[in-house]
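This briefing reviews the model shown below.

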Amino acid sequence: MYKRITLFTFICLLALAGIAQNKDTYTILLSGASFAEPNNKWFEMGCRALHAIPINRAVSAESIAHTANKMLDGTLYTPEEFDNIDVFVLMQVHEKDVYNEANLKENYKDYKTPFDASDYAICYDYVIKRYISDCYNQKFNPKSRYYNTPYGKPASIVLCTHWHDSRPIFNTSVRKLAEKWGFPVVEFDKYIGFSKNQKHPVTGKQYSLIYTGDSQEAHGEIFGWHPPHGKHSFIQQRMAAIFADTLRKILLPKEYMNE
């Protein structure tokens with residue numbers, strides 16, 4: 001009987017510790033594809049530097065349409081996770097125009113579903129408007145900690161560029177999209193430490209190739225594609241630093257909030 005009570009007490013303490021942890025730290029959600037999925041480690045390392053809880057829902061080979069459809073069917077996150085998420089980071093970085101407003105609808109509920117990847121701008125628009133709307137509507141949810149607050153759950157969305165500058169269509173349009181909505185951008189391409197505009201002085205080829213084991217042709221040139229995974233990879237470390245630096249600009253340290 002004593003052992004059962006002790007075990008029950010221990011479980012309760014763990015649960016209380018988990019609640020305290022959520023109050024004392026930020027929770028950050030990431031959606032993306034192969035450059036963001038958990039084996040990379042930049043996101044997890046960046047969250048560790050921020051003392052934040054990472055929720056990584058990136059899946060290799062997926063597109064922004066997958067993210068939109070998961071939001072549509074309620075599988076991107078649980079209601080409990082949603083209430084705790086402080087920042088939603090999007091890293092769907094295929095070489096597509098995500099700003100084009102030609103086919104956008106004012107009401108996100110008017111889009112034809114399910115989504116496909118034929119128009120990235122539509123999918124980004126749905127994800128952004130749906131997330132902002134769901135955050136606001138937490139003010140009406142009795143189970144939410146934001147219930148009866150004036151503005152509901154604050155909607156904080158962060159966009160990302162490709163990890164280097166070989167994708168000008170996406171990198172340019174995602175910055176325009178961020179400016180339109182007033183979102184921060186994790187500018188991997190700007191701070192990664194090299195550029196497509198200057199070849200490597202020893203190899204004479206695109207600089208990105210020395211950091212990857214595979215390659216991809218884009219706009220008539222061969223670039224490095226996927227950087228090595230793992231916390232010991234230089235590119236993963238560099239991306240983690242760029243990510244953490246960007247998030248520090250918008251996240252007040254929790255110790256100041258809890259004083």
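**Structural briefing**

With a relative accessible area of 40%, D245 is partly exposed. Its salt-bridge partner is K249, with the closest N and O atoms 3.8 Å apart; K249 is exposed, at a relative accessible area of 64%. The model is predicted, and it holds nine salt bridges.

**Salt bridges**

- K180 and E101 meet through their side chains in a salt bridge, at 3.0 Å from N to O. Because K180 belongs to helix α6 and E101 to the loop between β3 and α5, this pair ties together parts that are 79 residues apart in sequence.
- K180 counts as partly exposed at 36% relative accessibility, and E101 counts as partly exposed at 40%.
- A salt bridge also links E187 with R175, whose closest N and O atoms are 3.0 Å apart. E187 lies in the loop between β5 and α7 (188-191) and R175 in helix α6, so parts twelve residues apart in sequence are tied together.
- R175 has 27% relative accessibility and counts as partly exposed.

**Strands and crossovers**

- Strand β4 (residues 157-160) directs I157 and L159 one way and V158 and C160 the other way, and all are buried. In a regular strand, side chains alternate between the two faces of the sheet.
- Strand β3 (residues 87-91) runs parallel to β4, and three bridges join them. Within this pairing, L90 stands opposite L159.
- The chain passes from β3 through α5 to β4 in a right-handed β-α-β crossover.
- β4 also runs parallel to strand β5 (residues 185-186), joined by two bridges, and L159 stands opposite V185 in β5.
- A right-handed β-α-β unit is made by β4, helix α6 (residues 168-181) and β5.

**Nonpolar core**

- The largest nonpolar core has 63 residues, of which I28, W42, M91 and F243 touch the most other members. Helix α5 (residues 120-136) gives the most to this core, contributing nine residues.
- Leaving aside residues up to four places away in sequence, M91 touches residues including L30, F35, W42, C160, W163, F188 and M239.

**Overall composition**

- The protein contains nine helices and seven strands, and 44% of its 259 residues count as buried.
- Among contacts with a separation of 6 or more, 68% are between residues 24 or more positions apart.
- The protein exposes about 14,000 Å², and carbon and sulfur atoms supply 55% of that area.

Technical notes: Residues numbered from 1 in each chain as written. Predicted model: local features only at pLDDT ≥ 70, side-chain atom pairs only at ≥ 80, totals over all residues. Heavy atoms only, no water. Core = buried A, V, L, I, M, F, W, Y, C linked by side-chain atoms within 4.5 Å. Buried < 20%, exposed > 50% of the residue type's maximum accessible area, 1.4 Å probe, protein only. Helix = DSSP H or I, 4+ residues; strand = E, 2+ residues; numbered from the N terminus. Contact = heavy atoms within 4.5 Å. Pairing = 2+ DSSP bridges. Right-handed = clockwise from strand over helix to strand, strands pointing away. Areas by Shrake-Rupley, 256 points an atom, 1.4 Å probe, with all protein chains shown as cover. Salt bridge = Lys/Arg side-chain N within 4 Å of Asp/Glu carboxyl O.
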